[in-house]
Each structure stands twice: as structure tokens, then as C-alpha cells.
Amino acid sequence: MEKLYKEILEKVGENPKREGLIKTPRRASVAMEFLTQGYTMDINNVVNSAIFSTQKKDMVIVKNIEFYSLCEHHMLPFYGTCSVGYIPNGKIIGLSKIPRIVDVFARRLQIQERLTEEIAIEIKKILGADSVIVKMEARHLCMMMRGVQKQNSTTITTSICGNMENEDVDKFLKMIQ
């Protein structure tokens, strides 16, 4: 990947031997590996047996989870917050595991719509939850730095897996505000 970043520098008209750029191909390569580490993460290792029995039937919510991802269309960042709610069906998950699951899917080339759905599906699968709801709110640099260049636009996506009642959806949306 270093070689490719060096070629990119040359293609944009830069001199990769210039003092400030000598280590850039290596740094960019390491950064890209970090930003896309979701491809190599094993969800079972992330969850790591942090699933516990419960009689609880009330919704569990983790809100305002920061996330960072790369748009698969332009490979530019998009970032924001994710809120996850689920109704247990005999099992709950360690709270820190939910943000880790978000990161597994966010650290891939993504579109926000699919990212939202993948998180909901995975949490439902892991827990066998009655229902899961995920709301993501993000700013996309591909819309801010290029193209339409709209600095204040925000994209909101939701995904519901299972049979969540309207009252539960309303409760979730009120609680994450």
C-alpha cells in the first residue's frame, strides 16, 4: 500500500522525496489499515462471551456512540453518533460491546444506510433480541468538501429489526434526544 500512496503523491503533482512527504506513504498506509480494520475483526472476539441471562424485558439503550467511517463512493470520512436500543429476550450484552460492534462495521468502506442496518441485524443475531432499533446521525465530508459543498447537512438513518411496537419506537426516539 505504501507504494500506491507514493504513486498517488506523484499523480497529484507532488514530490514524494520532499522533506514533509518522505514518510507520508507509510503513515497513510498505517492510517488506512486502521480505518478499515473492521474487515479483519472477528465479531465473536469482540463480544468475547459478554452475554448474560436476564429476565428484563424493558428496552436497553446506549446512545451517542461516536463513530467514524469512510464513504465507499469517495473514500472520504463520514462521522457522527449512533444510538442503539434493544428489547431483551432472555439475554443482555455488556454495554461496552455495543460501541465495539458499531466500530466493527464502521471501520469498513460503507454507506450510512447499510451501516445502520448491519449493526441492527448483528445485535439481533447475537442476542436473539425481540427487536433492535438503531439510529445514526452523520456528517459526510464527500458532501461538505466536494460535490454540493453543503457544510451543515446531516444525514439521519434508522433500522428496526424485529417486531418493535410503535410505542417502543416512540420511547426510543424520546430517550435518545
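Modeller: One definition is needed at the outset: a residue counts as buried when its relative accessible area is under 20%, as exposed when that area is over 50%, and as partly exposed in between. Please also keep in mind that this is a predicted model.

Colleague: Is Phe-67 buried or exposed?

Modeller: The cut-off for a buried residue is under 20% relative accessible area. Phe-67 has a relative accessibility of 0%, so the residue counts as buried.

Colleague: How many aromatic pairs are there, and what is the geometry of the pair that Phe-67 and Phe-78 form?

Modeller: The count comes to 2 aromatic pairs. In one of them, the ring centres of Phe-67 and Phe-78 lie 6.0 Å apart. Planes over 60 degrees apart count as edge-to-face. The planes here make 75 degrees, and the pair is edge-to-face.

Colleague: Which strands does this pair link, and is Phe-78 buried or exposed?

Modeller: Phe-67 belongs to strand E2 and Phe-78 to strand E3, so the pair, 11 residues apart, links distant parts of the chain. With a relative accessibility of 1%, Phe-78 counts as buried.

Colleague: Why is the pair of Tyr-68 and Tyr-79 described as stacked?

Modeller: Planes under 30 degrees apart count as stacked. The ring centres of Tyr-68 and Tyr-79 are 6.4 Å apart. Tyr-68 is partly exposed at 46% relative accessibility, and Tyr-79 is partly exposed at 30%. The pair is stacked because its planes make an angle of 20 degrees.

Colleague: In what order do the strands of the open sheet run, and which are the edge strands?

Modeller: The sheet has 5 strands with mixed pairing, in the order E5-E2-E3-E6-E7. An edge strand pairs on one side only, and this applies to E5 (109–110) and E7 (155–162).

Colleague: In what sense do strands E3 and E6 pair, and what is the bridge partner of Gly-85 in E6?

Modeller: Strand E3 covers residues 77–87 and strand E6 residues 131–140; they pair in the antiparallel sense over 10 bridges. Within E6, the bridge partner of Gly-85 is Ile-133.

Colleague: Which helix packs on the sheet, touching E2, E3 and E5, and what angle does its direction make with that of E2?

Modeller: The helix is H4, residues 97–106. Its contacts on the sheet are with strands E2 (60–71), E3 and E5. Relative to the direction of E2, the direction of H4 makes an angle of about 20 degrees.

Definitions and conventions: Residues numbered from 1 in each chain as written. Predicted model: local features only at pLDDT ≥ 70, side-chain atom pairs only at ≥ 80, totals over all residues. Heavy atoms only, no water. Pairing = 2+ DSSP bridges. Helix = DSSP H or I, 4+ residues; strand = E, 2+ residues; numbered from the N terminus. Contact = heavy atoms within 4.5 Å. Axes fitted to C-alpha atoms, helices over the stretch in contact; angles between N-to-C directions. Phe/Tyr/Trp six-rings, centres within 6.5 Å; stacked < 30°, edge-to-face > 60°. Buried < 20%, exposed > 50% of the residue type's maximum accessible area, 1.4 Å probe, protein only.
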